[in-house]
Amino acid sequence: MKPLNRTFSIAPMLDWTDRHYRYLARLMSAELLLYTEMVTTGAIIHGKGDYLAYNEEEHPLALQLGGSNVHDLAICAKLAAERGYDEINLNVGCPSDRVQSGRFGACLMEEPALVAECVNAMRAVADIPVTVKTRIGIDDQDSYEFLTEFVETVRDSGCDAFIIHARKAWLQGLSPKENREIPPLDYDRVYRLKGDYPELSISINGGIKSLEECKTHLTKLDGVMVGREAYQNPYMLAEIDQQLCGIEKPVLSRDAVLEKFIPYIEKHLQAGGRLNHITRHMTGLFQGEAGSRIWRRYISENAHKPGSGIEVIEQARKNMIS
Ligand SMILES: Cc1cc2nc3c(=O)[nH]c(=O)nc-3n(C[C@H](O)[C@H](O)[C@H](O)COP(=O)(O)O)c2cc1C
C-alpha cells in the first residue's frame with residue numbers, strides 16, 4: 001500500500017466538506033488529502049441514505065467516523081474499506097452537546113483505553129490506515145502529560161498518525177463555534193509532541209490561513225490540516241502541489257478551475273440536483289479579486305431559484321468583469 005501523503009489535508013467540516021466541495025478542492029490539487037464530514041456510525045448502520053457515497057475523483061479520501069461503540073465502528077470501518085476509502089479517521093475533537101450525549105467526539109479524550117479499543121477493532125477488519133483527530137486537552141485536563149498519555153495509549157493500539165487541533169475544548173458552556181475560536185491555540189505543544197514521538201505522523205490543525213504558515217509548520221511536523229480558510233478561500237489550494245509538494249506544473253487560474261468544474265455541475269443538474277447545492281461552496285472562489293462581492297452576491301441571490309442553471313454562474317462572472 002502506497003503511504004498517504006499527509007503534507008496538506010482539508011479538515012472534516014459538517015455541511016461544508018460534502019462531496020461537491022471535495023470535488024472542487026481536488027480540481028486544484030492532486031496531492032492534498034480529503035476528509036469527509038463526520039459521519040456517525042448510527043447514520044451508516046441505520047440511516048436510509050448512502051452515507052458513504054463519494055466521487056471517484058476525490059481520492060485520496062479519508063472517511064471521518066463519529067462513534068464509540070467498538071462493534072459499530074468495526075462494521076463501519078469494514079464497509080469503508082470495501083467502498084474504497086483510503087483512510088478511516090476517528091473524531092475525538094468535536095465538543096457538541098449532541099455528540100457528547102452519544103459519548104463520542106472530544107469527550108473521548110478522557111477514555112484513551114476505549115479509543116484504543118475502537119482503533120484496534122477497526123484495524124482488525126480494515127486494511128487501510130486508522131487515524132485519530134483530537135485536541136490538546138479538554139476542560140481542566142489540559143496538561144502536556146494528559147495529551148501524551150492519550151497519544152501513547154492510542155498509539156499502542158496501532159494508530160501511527162494523529163491530527164491535533166492545537167487548542168483544547170471546553171465541554172460545557174461553549175458552542176462548537178466558540179470552541180473553535182475561544183480556547184487559545186498552542187502550536188508549541190504540538191511541536192513538542194512531534195519532538196517526543198518522532199516515529200508518529202503528527203499533523204497540526206487550527207487557525208492556519210496561508211501556505212506560508214503551512215511551510216513553517218511543515219519544518220517541524222508531518223502535515224498541516226486546514227479547515228475554514230480552505231473553505232472560505234478555496235483558491236488557496238491552487239498552489240499546494242507546487243509550493244508544498246515540490247511538483248512542477250502550471251498553476252490553474254480561477255477561471256480555469258471554474259471551467260473544469262462546469263461539467264461536474266452540469267451532470268449534477270442533469271441528474272435533477274439543484275444548482276445552489278454546489279454553488280454554495282463556490283462563493284469564495286474569487287476572494288481577494290476585484291468584484292468578488294458581486295460574484296458572491298449574484299450567486300447567493302440567484303442560484304437557489306427553481307430551474308437555475310449554469311447561466312447563473314456565467315452571469316455572475318460577467319457581472320464581476322463589467
Ligand atoms: C462548519 C464546521 C464543521 C466542522 N465539522 C467537523 C467535523 O465534522 N469533524 C471534525 O473533526 N471537525 C469538524 N470541524 C472542525 C474542523 O475540522 C477544524 O478542526 C477546525 O475548524 C479548526 O481548523 P481551522 O481553524 O483550520 O478551521 C468543523 C468546523 C467547522 C467550521
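I count a residue as near a molecule or strand if its C-beta atom, placed from the backbone, lies within 6 Å of it. The model is predicted: local features need pLDDT of at least 70, side-chain atom pairs count only at pLDDT 80 or more, and totals for chains, interfaces and linings use all residues. Residue numbers start from 1 along each chain as its sequence is written.

**Entry: the ligand**

I looked up the shell and found 23 residues surrounding the ligand, with A11, M13, M38, G227 and R228 the closest. At least two shell residues come from each of β2 (34-40) and α9 (228-232). Helices (H or I, at least four residues) and strands (E, at least two) are DSSP runs, numbered from the N terminus. I sorted the shell by class: nine residues are nonpolar, eight polar and six charged. Nonpolar covers Ala, Val, Leu, Ile, Met, Phe, Trp, Tyr, Cys and Pro; charged covers Asp, Glu, Lys and Arg; the others, Gly among them, are polar.

**Entry: α5 and α6**

How do the axes of helix α5 and helix α6 cross? I found that the axes of α5 (residues 112-125) and α6 (residues 144-155) come within 8 Å and cross at roughly 30 degrees. Axes are lines fitted to C-alpha atoms, for helices over the stretch in contact, and angles run from 0 to 180 degrees between N-to-C directions. The crossing therefore makes α5 roughly parallel to α6 (angles under 35 degrees count as roughly parallel). I noted P112, A113, V115, A116 and V119 of α5 meeting E149, F150, T153 and V154 of α6 (contact means C-beta atoms, placed from the backbone, within 7 Å). The residues of this contact are seven nonpolar, one polar and one charged.

Key: Angles under 35 degrees count as roughly parallel, over 145 as roughly antiparallel, 65 to 115 as roughly perpendicular and the rest as oblique. Two residues are in contact if their C-beta atoms, placed from the backbone, lie within 7 Å.
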